[in-house]
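Open the model in your viewer and keep the sequence panel at hand. We will go from the overall fold to one helix and then to the core.

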Amino acid sequence: MPKRPEFWQPVPKNPVEKKPAKRLARGKRVNPVSDKRRNDAKQYSEQRRFFLELRHYECELRVDGTCTGLASEIQHLVGRDSHRFLDMSTWKAACHGCHSYATTHPAEAYANGWAQRRTAS
Ligand SMILES: [Zn+2]
């Protein structure tokens, strides 16, 4: 058996002492979604269905070569943050293809009225 070099030391079995995982007391979990956010999401899903029915599920963007005609999504013309999220006056019914096209081609979206510049308000 070869001789061990002078500097050799056995590797400690448990070099880092494990700390017990920090846990919040039962029932004290941090709420992942606020009440407002949850209510908005619920209202959104109802409004969304209502809006799509109103538009007879017809896509309003009609991107050439992409459009399937059948709207299943909402294009938010001025974004969907805070109060705009539920503001149907800023919505357009869109099929998945058009919605994704409008999202990935902002310049064309502005030019074609699928998106509007936000004004300071
Ligand atoms: Zn479409």
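Color by secondary structure and you will find three helices and two strands in the protein chain, where helices (H or I, at least four residues) and strands (E, at least two) are DSSP runs numbered from the N terminus. Along the sequence they follow the pattern α-β-β-α-α. This is a predicted model, in which local features need pLDDT of at least 70 and side-chain atom pairs count only at pLDDT 80 or more, while totals for chains, interfaces and linings use all residues. Residues are numbered from 1 along each chain as its sequence is written.

Next, select residues 35-54, helix 1. Its end C-alpha atoms are 28 Å apart, which agrees with the 28 Å that its 20 residues should span at 1.5 Å a residue (the expected span is 1.5 Å times one less than the number of residues). How many of its residues are buried? The count is zero, so helix 1 is hardly covered; buried means that 20 or more other C-beta atoms, placed from the backbone, lie within 10 Å of a residue's own. Step on to His56, which follows helix 1 and has a positive phi, near 55°.

Across the protein chain, 17% of the 121 residues count as buried. Now select Cys59, Leu61, Ala94, Cys98, Ala102 and Trp114, which touch the most other members of the 16-residue largest nonpolar core. Such a core is a set of buried Ala, Val, Leu, Ile, Met, Phe, Trp, Tyr and Cys residues joined through C-beta atoms within 7 Å. Strand 2 (91-94) and helix 2 (96-104) are the elements that give two or more residues to this core.

Finally, center on Leu61: beyond its neighbours within four places in sequence, its contacts (C-beta atoms within 7 Å, placed from the backbone) include Cys67, Gln75 and Lys92.

Key
Buried ≥ 20, exposed ≤ 12 C-beta atoms within 10 Å, placed from the backbone. Contact = placed C-beta atoms within 7 Å.
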